[in-house]
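Subject: Structure for you to look at, with notes

Dear colleague,

I am handing over the structure we spoke about, and I would be glad if you could read the notes with the model open beside them.

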Amino acid sequence: MKKIALLLSLLLVTSVVMFGCGGEDAKADYTTKAAEKALNDGKDLEGKTVEVTVDKLVPDGSLGYTIQTGEHLNFVSSTDPKVKEKDTFVAKVKKVENVLGSFVISYDKQ
């Protein structure tokens with residue numbers, strides 16, 4: 001009986017490691033377009049998630065690695081986000097600053 005319990009426990013642990021903790025990937029709170037509209041409307045996106053499509057990557061921008069997307073969204077990071085143009089990823093917004101009509105957003109890649 002102990003061998004069966006041990007085997008079932010091992011099977012459960014293995015399945016969790018291989019297939020994750022269940023459910024589908026979490027959906028982002030905003031798309032790029034919806035996030036830009038929300039920011040233009042004065043909403044606070046800190047702590048929210050945005051599905052970002054990389055329109056242009058500037059690896060040596062003055063603020064670090066800059067991902068340009070939308071009309072005026074700039075996701076900035078001091079570390080290489082390891083993305084290329086047309087890639088899509090989810091970013092958790094840490095801070096947003098409006099600089100001359102463009103939004104500079106620091107984030108954590110999810």
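Predicted model: local features only at pLDDT ≥ 70, side-chain atom pairs only at ≥ 80, totals over all residues.

The aromatic residues

How many aromatic pairs does the structure hold? There are 2 aromatic pairs. In one of them, the ring centres of F75 and Y107 are 5.8 Å apart and the planes are at 75°, so the pair counts as edge-to-face. Because F75 belongs to strand 5 (residues 73-77) and Y107 to strand 7, this pair ties together parts that are 32 residues apart in sequence. Both F75 and Y107 are buried. F89 and Y107 also form an aromatic pair, which is tilted, with 5.9 Å from centre to centre and 40° between the planes. Since F89 lies in strand 6 and Y107 in strand 7, the parts tied together by this pair are 18 residues apart in sequence. Taken together, the ring pairs link F75, F89 and Y107 into a cluster. F89 has a relative accessible area of 7% and is therefore buried, and yet the charged end of K109 sits over its ring, 5.5 Å from the ring centre.

In soluble globular proteins, nonpolar side chains tend to be buried together. The largest nonpolar core in this model has 18 residues, and those that touch the most other members are V50, V52, I67, F75, F89 and I105. Two or more residues of this core come from each of helix 2 (32-40), strand 2, strand 5, strand 6 and strand 7. If residues up to four places away in sequence are not counted, V52 touches T32, I67, T69, F75, D87, T88, F89 and A91.

Helix 2

Which residues of helix 2 are buried? They are T32, A35, E36, A38 and L39. These residues cover an arc of only 160° around the axis, so they lie on the same side of helix 2. K33, K37 and N40, on the other side of helix 2, are exposed. The buried residues of the helix pack against strand 1, strand 2, strand 4 (64-69), strand 5, strand 6 and strand 7. Just after helix 2, G42 takes a positive phi of about 90°.

The loop at A28

A28 lies in the loop between helix 1 (2-19) and strand 1 (30-31). With a relative accessible area of 18%, A28 is buried, since the cut-off is under 20%. Leaving aside neighbours within four places in sequence, A28 is in contact with T49, V50, E51 and V90. The C-alpha atoms of A28 and K48, which are 20 residues apart along the chain, are separated by 8.0 Å. As for T49, a residue of strand 2, its relative accessibility is 14% and it counts as buried. With residues up to four places away in sequence again left out, T49 touches K27, A28, D29, Y30, V90, A91 and K92.

With best wishes

Conventions. Residues numbered from 1 in each chain as written. Heavy atoms only, no water. Phe/Tyr/Trp six-rings, centres within 6.5 Å; stacked < 30°, edge-to-face > 60°. Helix = DSSP H or I, 4+ residues; strand = E, 2+ residues; numbered from the N terminus. Buried < 20%, exposed > 50% of the residue type's maximum accessible area, 1.4 Å probe, protein only. Lys NZ or Arg CZ within 6 Å of the ring centre and 35° of its normal. Core = buried A, V, L, I, M, F, W, Y, C linked by side-chain atoms within 4.5 Å. Contact = heavy atoms within 4.5 Å. Arc of directions from axis to C-beta.
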